[in-house]
Amino acid sequence: MKFFVDTADVAEIKLLAASGLLDGVTTNPSLVAKSGRAMHDVIAEICAIVPGPVSAEVAATDYDGMLHEARILRAIAKNVTVKVPLTPDGLRACRHLTNDGAMVNVTLCFSAAQALLAAKAGASFVSPFVGRLDDIGESGMALIADIMTIFRQYPYLKTEVLVASVRHPMHVVEAAKLGAHVATVPPAILRQLFNHPLTDKGLAAFLADWAKAGLKIA
Ligand code: E4P
C-alpha cells in the first residue's frame, strides 16, 4: 500500500519524507488556505521534496476553468497530479487531461457509482472520503470494499483507489486489508501508526538489561 500525506504543511512533509515512507502528497483548497501561503509556492516546494504524485486541486467548477487552472498547476512540476471534483465537468476535464498525459485525482467520491465513473474517465486516482461518510452514520470502509470489488472485476481499469478523509490508524489497516492502493493520511495519524505501548515497554526493558550488564557494541 502506498502512503500519501494529506497536508500542505511543508515542515511536516519534510520530516515525514525523511522517514522514507512517503510515496506522495495530497492537498486540497482548505489545506492550502490553512498554510497561509500562495498555491504556486507551496505546491512547488512540496514537489521538490517528494518525487511522487502531489495532488493540487483546481478551484474552478466549470470545464474550461478547470482546464485553465490545470495548465497552470501542471507547469509547476512534473509530479503535479491535477485534482478535480467528482462532477460532470470534473470528469470531462479528467478525460481531457488524462488524454493529454496528465495524472488526475478525482476527489470528493462518496459512492461506488461515482468511483466507477471516475475510472471510466481515466482517472489515475479516485479519492473516496471514508471519514466524512462515517461522520454521517454511513460506513466509509463499506464503500472501499464495494469499490475494490467492482474494480477487481475489470482488471483493465488502471485507476488507483486513494482512501481519503482518514481519521484514525484503523482506517489505514482496514483499507490495506481490502487491498486499497493508497491511503492519504494526516501527519498526526501517520505518526500514530508507529505507536504500540508494548514496543515502548519492550525497548525500555531491553535497554535497562543492557545498561545493567554494562555491555557495548564495539
Ligand atoms: C483528500 O484528498 C482530502 O484532502 C482529505 O483527505 C479530506 O479529509 P477531511 O475529511 O479530513 O477534510
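Student: Which residues lie nearest the centre of the largest pocket?
Tutor: Asp6, Asn28, Leu31, Phe129 and Arg132 do, out of 21 lining residues. A pocket here is an open set of 1 Å grid points where a 1.4 Å probe fits, with protein on both sides within 12 Å along at least five of seven lines; lining residues have an atom within 4 Å of a point. The model is predicted: local features need pLDDT of at least 70, side-chain atom pairs need 80 or more, and totals for linings use all residues. Numbering starts at 1 along each chain, and side-chain values use heavy atoms, without hydrogens or water.

Student: New topic. Where is the ligand?
Tutor: The ligand takes up the space of the largest pocket.

Student: Which residues surround the ligand?
Tutor: Asp6, Thr26, Asn28, Lys83, Phe129, Arg132, Ala164, Ser165 and Arg167. Each has a heavy atom within 4 Å of the ligand.

Student: How many residues of each class are in that shell?
Tutor: The shell around the ligand has four charged, three polar and two nonpolar residues.

Student: What lies 2.6 Å from a ligand oxygen?
Tutor: An N or O atom in the side chain of Arg132. The cut-off for such a pair is 3.5 Å.

Student: And which side chains have an N or O atom 2.7 Å from a ligand oxygen?
Tutor: Asp6 has one. Asn28 has one at 2.7 Å too. Asp6, Asn28 and Arg132 are also among the residues nearest the pocket centre.

Conventions:
Polar contact = N/O pair within 3.5 Å; in protein donor to acceptor, adjacent residues only side chain to side chain. Sits in = over half its atoms within 2 Å of the grid points. Nonpolar A, V, L, I, M, F, W, Y, C, P; charged D, E, K, R; others polar.
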